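Subject: Structure handover

Hello,

Here is the structure I promised to pass on. My notes on it follow below.

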Protein chains: 2
Amino acid sequence: MNASEFRRRGKEMVDYVANYLEGIEGRQVFPDVDPGYLRPLIPTTAPQEPETFEDIIEDVEKIIMPGVTHWHSPYFFAYFPTASSYPAMLADMLCGAIGCIGFSWAASPACTELETVMMDWLGKMLQLPEAFLAGEAGEGGGVIQGTASEATLVALLAARTKVTRCLQAASPELTQAAIMEKLVAYTSDQVVATLGTTSCCSFDNLLEVGPICHEEGVWLHVDAAYAGSAFICPEFRHLLNGVEFADSFNFNPHKWLLVNFDCSAMWVKKRTDLTGAFRLDPVYLRHSHQDSGLITDYRHWQLPLGRRFRSLKMWFVFRMYGVKGLQAYIRKHVQLAHAFEALVRQDPRFEICAEVTLGLVCFRLKGSNKLNEALLESINSAKKIHLVPCSLRDRFVLRFAICSRTVELAHVQRAWEHIQEMAAMVLAAQGEDKAEIKN
Amino acid sequence: MNASEFRRRGKEMVDYVANYLEGIEGRQVFPDVDPGYLRPLIPTTAPQEPETFEDIIEDVEKIIMPGVTHWHSPYFFAYFPTASSYPAMLADMLCGAIGCIGFSWAASPACTELETVMMDWLGKMLQLPEAFLAGEAGEGGGVIQGTASEATLVALLAARTKVTRCLQAASPELTQAAIMEKLVAYTSDQVVATLGTTSCCSFDNLLEVGPICHEEGVWLHVDAAYAGSAFICPEFRHLLNGVEFADSFNFNPHKWLLVNFDCSAMWVKKRTDLTGAFRLDPVYLRHSHQDSGLITDYRHWQLPLGRRFRSLKMWFVFRMYGVKGLQAYIRKHVQLAHAFEALVRQDPRFEICAEVTLGLVCFRLKGSNKLNEALLESINSAKKIHLVPCSLRDRFVLRFAICSRTVELAHVQRAWEHIQEMAAMVLAAQGEDKAEIKN
């Protein structure tokens, strides 16, 4: 395919994408396929000769779309949101075209420098303590990781390296293995200090945990993968209080801040804690500026060597929405969650199972776990909306997460009416079962 | 930005991308900027109010492009290639629009199933042993990792878990820490068994290493990050001989197989070795098919939880190029490397420093490391082409890697003429230095 065909096909794809997202409400949110559906639909080997773009795009509708769970449908309320916005998609097109691998400053200076500045922008939006910002001469700074899992692992490895070196300096007779055996990582049952857990969006109290970690010299990593985006609104910022005690902090703009996956924002107070743990300097990656102290080589901040120009999508999104636009987006989702909560509270058959702080509502039918499992099963079998459950203190609970960029109050109301209908059915079925048992 | 503005801006971006790639030869391959160039060019904080797309795209040319190292310029011969093709870019647009996070089969069945089948297609293209393929009832299978670093780490952790469990089963009194302390990972000076090292594209002899690992019960991971793509050509397949002894194998289609970053292909013979090490099953990720044995939940195969629909770009590229088209692409690059090698050999001032097997030529001026450092410095300062060095047995060597999808013989010849000119200059300067010393 040459540039001229790309001009044509690219524009067709832009229309396909726009059509898909404009029409997504008309697609069934969860697919009908059974495991193994796809393999019989396509050849067992790659074709020897080239095929045409028409063949492929036709197969997208025939083979791919029937097996897609539509995460951006306004009837998708499962898991947590995953970000999708047009500015981010435009930036990703540019990112693909530039196609640099930004492992060092020299490998593409713009890729490294825009990332550092965007992470400062975002840190300021969150009112992160100054120590986490790179600025022009700071000791801290931000980096875009692929996922929160990577950010957490990077923090863990950096912490381990730091404490191991510290102990070895104090007691040179200790072997690394002897030290390793004694290291302890403290976690809650949701892993590391978490602001906004996946199950029910609960918050660890950093103002209690933080000072203890600080006194004891324990590395404190704070993960706010989902909730972090909300901290750009002053009214939610208090949930981040105590972050000043943390050594590292991360959250995922690719969840709730309209920056498409992959974009997990991570900050550290001391960048040398990361570069000390991950430094890698083969000759073929050296460049003339690397020891100047002026530059950042992000390969020392992460597990992979390669990395895309991901800060472009932050730049496009922050500028095309503006901070106010992003705040309005967060607030709308929180309002929709509270609207759903109010609907649930009006129905005495149901109960709310956790405080609704942001965009997640945990709820259930008053009654057994079995009853609620039957309710979820009936909802997800009907496939008009899609939900997933969680377990809260051994109770089976349904999660209603505000996810789609295009979800409106009408969708939430329709979803609730549907849940009520399904509930009536499972309660009736339960009544019949009980009647049968009595008979 | 609504769908209608995206239709307009998306098409403008398609043209911008096509213009960029068509005109890339006219851009200086390596930028002129100094460290810290970007920060003064943009505001210190994100804007409160939205800006327009025009503002941003104007800034791309003013702020971003001056700081880009153009990896897809036909005058870029540094590092290794990073893949860029129009079919992959089209697929990535679709991937962004679908925007699913494929951590489980249910999270988007098409995302999981296409990946499994594409990894089988690719495995067959490489003539991997049957044991690595998923097929309909295989014990092995493939997964797309983000990078080779992640693939290697995943293999290492899976190997560690496997041997630890094995030893604990045999000697239940051993603690995990006691076992850990005794574990040994054998590597060469290029890490793990490697086919096509970064420095000089050398090959470990799997037919020697493999049987020993097999006899001793040592997990053998084989990394062919760059070279792996060449194995789709029958004439290079012999370089992969011995892979039948490996437990896991990976290479990066995002380097040399026209599938844009990120796409690192990894296969294992026993998928349970991965899922045993990484299994993660909170209630909110459970789905009705997960214990059926019919499905794959790829979150158990990797470090992150989240993952994009990356197999789409494999599917688009394999179909739009066809196997023959991909083979022709590899062969052309290898021929260009040999053409460059022949040019170097014709000039008695130069020497070839490693066997040219695929697309990389390691060469230097006969003489001191200092002389060659001066040559590289003069080449990279002139910025007509871009190269990086390597160190081979303490000798400073220049690497000439065939990288760009659009590089032709004429570019290689022009690059060589330029290198000769630079060499003449540094040799003349050296001569003057010597003359001065004599005087």
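Between chain B and chain A, 50 residue pairs are in polar contact, both residues being at pLDDT 80 or more. (A polar contact is a pair of N or O atoms within 3.5 Å; within protein, one must be able to donate a hydrogen and the other to accept it, and residues adjacent in sequence count only if both atoms are side-chain atoms.) Several elements of chain B give two or more residues to the side that touches chain A, among them helix 2 (53-64), helix 5 (148-170), helix 10 and strand 8 (388-392). (Helices, H or I with at least four residues, and strands, E with at least two, are DSSP runs numbered from the N terminus.) Helix 1 of chain B gives the most to that side, with 16 residues. The residues of this side divide into 73 nonpolar, 28 polar and 23 charged. (Ala, Val, Leu, Ile, Met, Phe, Trp, Tyr, Cys and Pro count as nonpolar; Asp, Glu, Lys and Arg as charged; the others, Gly among them, as polar.)

Before you go further, this is a predicted model: local features need pLDDT of at least 70, side-chain atom pairs count only at pLDDT 80 or more, and totals for chains, interfaces and linings use all residues. Residues are numbered from 1 along each chain as its sequence is written, chains are lettered from A and ligands numbered from 1 in the order in which they are written, and side-chain values use heavy atoms, with hydrogens and water left out.

Back to the interface. In contact are 124 residues of chain B and 124 residues of chain A. (Contact means heavy atoms within 4.5 Å.) The two chains bury about 10,900 Å² between them, and 69% of that is on carbon and sulfur atoms. (Buried area is the accessible area, with a 1.4 Å probe, that two parts lose on being put together, summed over both.) On the chain B side, B:Arg39, B:Tyr284 and B:Arg319 lose the most area to chain A, together 8% of what that side buries.

Salt bridges come next. B:Arg7 and A:Asp15 form a salt bridge at 3.1 Å, N to O.

Others lie within chain B. B:Arg9 pairs with B:Glu5, with the closest N and O atoms 3.1 Å apart. These two are 4 residues apart in helix 1 (residues 3-22) of chain B, so about one helical turn separates them. B:Arg9 is buried at 5% relative accessibility, while B:Glu5 is partly exposed at 25%. (Buried means under 20% relative accessible area, exposed over 50%, partly exposed in between, with a 1.4 Å probe and protein chains only.) B:Arg8 and B:Glu12 also meet in a salt bridge, at 3.5 Å, N to O.

What about B:Arg308 and B:Asp262? Their side chains form a salt bridge at 3.5 Å, N to O. B:Arg308 lies in the loop between helix 9 (271-278) and helix 10 (311-346), and B:Asp262 in the loop between helix 8 (253-256) and strand 5 (264-268), so the pair ties together parts of chain B that are 46 residues apart in sequence. Both residues are buried.

B:Asp262 has another feature. A cis peptide bond joins B:Phe261 to B:Asp262, with omega about 5 degrees. In chain A, a cis peptide bond joins A:Phe261 and A:Asp262, with omega about 10 degrees.

Now the core. The largest nonpolar core has 234 residues, and those touching the most other members are A:Ile64, A:Trp315, A:Phe318, B:Ile64, B:Trp315 and B:Phe318. (A nonpolar core is a set of buried Ala, Val, Leu, Ile, Met, Phe, Trp, Tyr and Cys residues joined through side-chain atoms within 4.5 Å.) Not counting residues up to four places away in sequence, B:Phe318 touches residues including A:Ala46, A:Pro47, B:Trp121 and B:Leu257.

A:Cys201 is not a glycine, yet has a positive phi of about 60 degrees. A:Cys201 is buried, at 4% relative accessibility. A:Asp394 also has a positive phi, near 70 degrees. A:Asp394 is exposed, with a relative accessible area of 68%.

Best wishes

Key
A salt bridge is a side-chain nitrogen of Lys or Arg within 4 Å of a carboxyl oxygen of Asp or Glu.
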